[in-house]
Amino acid sequence: MKTFYSHGKLLLSGEYLVLDGATALALPTRPGQSLKVRDSKTEGLEWRSLNPDGTPWFNTRFTPKELAAPYPKGKLPEDIRGRLQLLIDATVRLNPQFAEELQNTTVETQLEFPRDWGLGSSSTLISNLAFWAGIDPYTLLQKTFGGSGYDIAAARQKNPFFYRLDSDGTPVVEEAAFDPPFASELFFVYLNQKQDSRSGIARYRNRSVDPETAVARVSGLTTQLVSAPTLASFCELLDEHEAFIAGILQTPTVKELRFPDFPGSVKSLGAWGGDFVLATGPETHQEYFRKQGFRVLKPYQELIL
């Protein structure tokens, strides 16, 4: 049996503008996803995907004929099986010898977080497939789902890191010395809904913005966030970052829209509108969100590597 593992992700700063070269601060999460490969007596490829509790959420089988046929190019499939077949086909195109690995094989993946949390069920799968096939995960991402690639970097990092795209689109990953002394006053709140990052990116692309100025502004804020000495200074930077992105998107901040009377800061993460937000303050502040029906609250030190 072969086993591969990748970590989940959260983007603390640089959302949207990371696509245009801004330096972002990314956080690998403790929970991730594993992929196990076993030999099978059944022809083709059997695939089983498990929830954190071990219950299956997806099962399928690809026949030898399906594995040999190239997946048709075009729009990204909406269904899970179609997307998986697209990933497998792209993997084989990048490493033709990998086709032999797929025959008479059973694959079992297991998430360590609920799929609707937005922590990277796709990126961890892409990373694990790339591990298995011995190919570049960033290339596999661009051949299939697209995106900045920070989530692929997070899948393989063990500490917070800076992430940016070079002028030619090459990912640049540098470890960030982000170990805030006020980490006990940082926590994440799940907004009870999953956000489609592609729709968020499309909304950003439709806005008129000077990329050079915006990239410089956000990159500077990212650097300052990492070195903020106190929670108060950190919150000021979070609020400035949040207001700046809100101005670009021409939308209220998440705090203005949903938590106007919360005494701490609230920062959107990744694609605005869903998944997790970062909130600040002592543990007593968490009760504010519980009273509003938000039951998934994760302390920074529990969720982040």
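The structure holds one cavity of 30 Å³ or more. A cavity is a set of points, on a 1 Å grid over the protein atoms alone, where a 1.4 Å probe fits but cannot get out. The model is predicted: local features need pLDDT of at least 70, side-chain atom pairs count only at pLDDT 80 or more, and totals for chains, interfaces and linings use all residues. Residues are numbered from 1 along each chain as its sequence is written, and side-chain values use heavy atoms, with hydrogens and water left out.

Volume here is the space filled by probe spheres set on the points, which are joined across faces, edges and corners. The lining (residues with an atom within 4 Å of a point) consists of Phe62, Glu66, Leu67, Ala69, Gln85, Ile88 and Asp89. Four of these residues are nonpolar, one is polar and two are charged. Helices are DSSP runs (H or I, at least four residues), numbered from the N terminus. Both α1 (64-68) and α2 (80-94) supply at least two lining residues. The most come from α2, with three.

Helix α4 covers residues 121-133. The expected span is 1.5 Å times one less than the number of residues. Of these 13 residues, 10 are buried, so α4 is largely enclosed by the rest of the structure. Buried means under 20% relative accessible area (1.4 Å probe, protein chains only). Among the buried residues are Leu125, Ile126, Leu129 and Trp132. Just after α4, Gly134 adopts a positive phi of about 70°.

Conventions. 1 Å grid on protein atoms, 1.4 Å probe; cavity = no way out; pocket = protein on both sides within 12 Å on 5 of 7 lines; lining within 4 Å. Nonpolar A, V, L, I, M, F, W, Y, C, P; charged D, E, K, R; others polar. Buried < 20%, exposed > 50% of the residue type's maximum accessible area, 1.4 Å probe, protein only.
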